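Please look at the sequence and the structure first.

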Amino acid sequence: MSTNREFAAVILAAGKGTRLKSGLHKVLHNIAGRPIIEHLMASVEVLAPARTIVIVGDEREQVIGQLGERAECVVQEPQLGTGHAVAQAKEALAGFDGDVVMLLGDAPFIKSDTMNDMLARLRAPDAPAVVVLGFEPEDALQYGRVITHSDMTIEKMVEFKDANEAERACRLCNSGLMAARSEVLFDLLDRVDNDNAQGEYYLPDIVNVAVKEGRTCAAVVTDRPHEVVGINSRKELAAAERQWQDLKREEALENGVTLKAPETVFFSYDTDLAPDVTVEPNVVFAPGVKVESGSRIRAFSHLEGAHVGEDCEVGPYARLRPGAVMEKGSKVGNFVEMKKAVLGEGAKANHLTYLGDATVGAGANIGAGTITCNYDGYFKYKTVIGERAFIGSNSALIAPVKIGDDAIVAAGSAVSRDVAPGELRMVRAEQLVKPGWADRFHDTMKKKKASEKKD
């Protein structure tokens, strides 16, 4: 049997997902900032399949819109079970001479190496007709069982409700993921009937059909039961998120990241933290974040689409939005927000500041309450702040505007024109002083209040 055969991935994503009670298709709900099916697609794409076919049905437009041209979508209508779903790929795979891996769109965590193990077993010298991925959960519950011989060839597949006591005692469960050669798969599917309570055609029945015909079928067992978790309800979605986050936290700790309270830190699928990064409690990493070595993300901060350089400090209570870049040794403090802004090396914005569509030079100091006024209701404009510039507290920089190197903007200024390098810009209304006015005002108002009480 050739070990270099092409393979096709067939992903079942036609189910309605009614238990989620959502207008969003089941496989498009997010785990770690990424749709369920995208987790699966990422693992599949590592193996570079010759074909990727997704079986769609209910709310198919959503799935097709998500996948675009990365997969060929085939409609299952009506939906008559998992075996019927795979059978819909027969026409699309006409003339394809390779192997087929059958995956579940709501089981996002299957690893590429596990799929490789399935294909390797399928291509072994004894040429099994079907390979089934089995697993041994802590609680076998009502999973279908895979009854095997000592050499892990399959004796039979049995649903829990149809199993006898001895079969139910078997801990090897059916994940629902299988592999078969294209030249036998659809022949087996043609022999599957729907003589069951649901009147559906079940994919596992291809194993029993093959075994009855004297063909070998084999099981591959994953030692990572979390890989085959399926998601059919909000409760299971939340459990999958917890599972993913726990694994990511362990990975971060093993890779040299300090998490002060790991259970309170939430990662996205692509969060990239270097060794020696410290993360304080209650931090959220949305998609697209990279943090370099030596940086500290302080408590209650939220980062998305941001790049934090070496030895930076973020927060507490800071928000970095997409396009935020902090260069080495820069700092943003409490209640600072950055969006499409670059904070140069060693620059600081310590308090209560908004930096949007801005470039801040190295060593600049941005005072508390500074706002880059970047939006006029129609268009966004850029603010450029030079190296070592000092922006006084409560200043408004009305873009487009440029503040030169070493310039100073006095506190309370509203700057709408460029400031030259080394210049002081102070934009304030003249102060009006009226000695004794406040004393007279207080006396008048106190007498008026006392008079009203008498009435």
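## Packing of H6 and H7

In this predicted model, helices H6 and H7 are roughly perpendicular to each other, because their angle falls in the range of 65 to 115 degrees. The angle is about 95°, and the axes lie 9 Å apart. Helix H6 covers residues 182-191, and helix H7 covers residues 205-212.

On the H6 side, the contact is made by Leu 185, Leu 188, Leu 189 and Arg 191. These residues meet Ile 206, Val 209 and Ala 210 of H7. Sorted by class, the contact of H6 with H7 has six nonpolar residues, one charged residue and no polar residues.

## Salt bridges and a network

Side chains of opposite charge can pair when their charged atoms come close. The structure contains 31 salt bridges. Some of the residues form a network of salt bridges: Arg 5, Asp 97, Asp 99, Arg 123, Arg 181 and Glu 183 are linked in this way.

## The pair Asp 99 and Arg 123

Asp 99 and Arg 123 form a salt bridge in which the closest N and O atoms are 2.6 Å apart. The two residues belong to distant parts of the chain, 24 residues apart. Asp 99 is in strand E6 (residues 99-104), while Arg 123 is in the loop between helix H4 (112-122) and strand E7 (130-135).

Are these two residues buried or exposed? Asp 99 has a relative accessibility of 0% and therefore counts as buried. Arg 123 also counts as buried, because its relative accessibility is 11%.

## The pair Arg 296 and Glu 280

A salt bridge joins Arg 296 to Glu 280, with 2.8 Å between the closest N and O atoms. Arg 296 lies in strand E17 (residues 296-297) and Glu 280 in the loop between strands E14 (278-279) and E15 (284-285), so the pair ties together parts that are 16 residues apart in sequence.

Arg 296 has a relative accessible area of 32% and is therefore partly exposed. Glu 280, at 11% relative accessibility, counts as buried.

## The pair Glu 337 and Arg 319

Glu 337 forms a salt bridge with Arg 319, and the closest N and O atoms are 3.9 Å apart. This pair links strand E24 (residues 337-343), which holds Glu 337, with strand E21 (residues 319-320), which holds Arg 319. The two residues are 18 residues apart, in distant parts of the chain.

Glu 337 counts as partly exposed because its relative accessibility is 23%. Arg 319 counts as partly exposed at 39%.

Terms used:
Residues numbered from 1 in each chain as written. Predicted model: local features only at pLDDT ≥ 70, side-chain atom pairs only at ≥ 80, totals over all residues. Heavy atoms only, no water. Axes fitted to C-alpha atoms, helices over the stretch in contact; angles between N-to-C directions. Helix = DSSP H or I, 4+ residues; strand = E, 2+ residues; numbered from the N terminus. Parallel < 35°, antiparallel > 145°, perpendicular 65-115°, else oblique. Contact = heavy atoms within 4.5 Å. Nonpolar A, V, L, I, M, F, W, Y, C, P; charged D, E, K, R; others polar. Salt bridge = Lys/Arg side-chain N within 4 Å of Asp/Glu carboxyl O. Buried < 20%, exposed > 50% of the residue type's maximum accessible area, 1.4 Å probe, protein only.
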